[in-house]
Amino acid sequence: MFNFGCNKKNNTENTQSVSMTASEILGNPNYLAISYGGYRETSREIQPTIEELKEDLKILSAMGVKVLRTYNVQPKLPHASNVLKAISELKIEDPNFEMYVMLGAWIDCLNAWTDKVPNHNIESPQNEGEIKRAVALAKQYPEIVKIIAVGNEAMVKWAASYFVQPNVILKWVNHLQSLKQKGELPKDLWITSSDDFSSWGGGDPLYHTEDLNKLIKAVDYISMHTYPYHNTHYNPAFWKNPNHLKNLSDKEKIDASMLRALNFAKNQYKGVVNYMKSIGVNKPVHIGETGWATISNGLYGPDGSRATDEYKQGLYYKYIRDWTNKEEIACFYFEAFDEQWKDANNSKGSENHFGLINLKSEAKYPLWEMVDNHVFKGLTRNGKQITKTFNGDKEQMMKTVLVPNTDYPR
């Protein structure tokens, strides 16, 4: 059910001799995209080794993924630079191995992540170094780094610990574009910022500012995030089954709810496109993040919106891939593997469980058919073969699936 075939846009063979650009990769269904963190432990202080990263890269390549998204290039977190090194080594070992990277540069406001009050109108002095490191890696690995993203959800106002105003992102986007013009960066390297749909003008008019308009004109494409999963709590109107569906079976109600979740994401995407066009701009809009968690003991779990389980993740993954592939929209699905550092003190926190493969090297429901089709044959993660969650017993899995809930107190 969840194994996706792809039609090539062109007849170009995937070999080492081919030099693909961002414009050729993004939106090409033969180049599936994914958000990737290879962290296995409860702290990012324990970095995955090059060999562990290679394990992951081979697994993702087998899935048809050829574009990864990373998030920062901070000195104490060499994950992104190690990913680039691992890809480079794999390309030497196998001339046909192909993997590209959307390299993230983390952007903060002054006093972010400190005991001081964040000043959202002034940027952190660390931003300059972050951009310099991203530039250095793009120069070192021009055949791999095809996109630089300035900031991750760095403009959306609910990112209260660190968000900045659009003029900060604009400053660094313009800086990178100027380096391209000077020939210091490849001309076909695309520059963007990856942020919530509302930050790109697709929602609250509060974000409709002149600096945002300038930013939209400055980037090579818009990278927007959409999370119906989170909105099952914060904006749950779409999650409620209308009265004319009240006689459906529980499974039919769940299926209908997940179609509405897809339409919710589509509407947020359309909102960004419509705003962009309203200011006289017409350029690509791609999805920098969207995903669905499989475990939650919080707002999205049994006592909350009941959004969380592998069946719903499987439907969402299928629906979002089918839609974006058909429309030639790149979708950096969040995420490849579970990462337990995200909510280290709460093992069942939803942030730890967005991966398509868990920390036991088990493929979740969206990938079961790939396991059946021996896609992962000969590949291991942490010395373990890729098997199926629930031992592949769908009946057992369905016992964990709950009908969506919109009536609990918020």
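# Briefing on pockets, core and backbone

The lining of the largest pocket is made up of 22 nonpolar, 16 polar and ten charged residues; here Ala, Val, Leu, Ile, Met, Phe, Trp, Tyr, Cys and Pro count as nonpolar, Asp, Glu, Lys and Arg as charged, and the others, Gly among them, as polar. The model is predicted, so local features need pLDDT of at least 70 and side-chain atom pairs count only at pLDDT 80 or more, while totals for chains, interfaces and linings use all residues. Residues are numbered from 1 along each chain as its sequence is written, and side-chain values use heavy atoms, with hydrogens and water left out.

**The chain as a whole**

- The secondary structure of the chain comes to eleven helices and 14 strands, where helices (H or I, at least four residues) and strands (E, at least two) are DSSP runs numbered from the N terminus.
- Taken along the principal axes, the box filled by the C-alpha atoms is roughly 65 × 50 × 45 Å.
- Of the 410 residues, 59% are buried, a word that stands for under 20% relative accessible area, with exposed meaning over 50% and partly exposed the range in between (1.4 Å probe, protein chains only).
- Among contacts (heavy atoms within 4.5 Å) between residues at least 6 apart in sequence, 73% join residues at least 24 apart.

**Pockets**

- On a 1 Å grid over the protein atoms alone, a pocket is an open set of points with protein on both sides within 12 Å along at least five of seven lines, whereas a cavity is a set of points where a 1.4 Å probe fits but cannot get out, and lining residues have an atom within 4 Å of a point.
- The largest pocket holds about 1,500 Å³ of space, a volume being the space filled by probe spheres set on the points, which are joined across faces, edges and corners.
- Of the 48 residues that line the largest pocket, Asn 152, Glu 153, Trp 158, Tyr 162 and Glu 351 lie nearest its centre.
- Two or more residues of this lining come from each of H3, helix H7 (228-234) and helix H8 (250-278), and H7 provides the largest share, with three residues.
- The second largest pocket has a volume of about 410 Å³, and among its 20 lining residues Thr 294, Ile 295, Glu 310, His 353 and Phe 390 lie nearest the centre.
- By class, the lining of the second largest pocket divides into five nonpolar, eight polar and seven charged residues.

**Cavities**

- Two cavities of 30 Å³ or more are present in the structure, and the largest cavity has a volume of about 60 Å³.
- The largest cavity is lined by 13 residues, of which Asn 28, Asn 325, Ile 329, Ala 330 and Cys 331 are the closest to its centre.
- Strand E1 (32-35) and helix H9 (310-327) each supply at least two residues of this lining, with H9 giving the most, three residues.

- Among the buried residues of H3 are Val 83, Leu 84, Ile 87 and Leu 90, and the elements that the buried residues of H3 pack against include helix H2 (50-62), strand E3 (100-105) and helix H4 (126-140).
- Ile 287 lies in strand E9 (residues 285-290) and is buried, with a relative accessible area of 0%.
- Leaving aside neighbours within four places in sequence, the residues in contact with Ile 287 include Met 224, Tyr 269, Trp 323 and Phe 332.

**Backbone features**

- Most residues other than glycine have a negative phi, and most peptide bonds are trans.
- Glu 328, in the loop between H9 and E10, has a positive phi of about 55° although it is not a glycine, and Glu 328 is partly exposed, with a relative accessible area of 42%.
- Ser 361, which is not a glycine either, has a positive phi near 65°; Ser 361 is found in the loop between E10 and E11 and is buried, with a relative accessible area of 0%.
- Phe 334 and Glu 335 are joined by a cis peptide bond, with omega about 5°, and Glu 335 is placed in the loop between strand E10 (331-333) and strand E11 (362-363).
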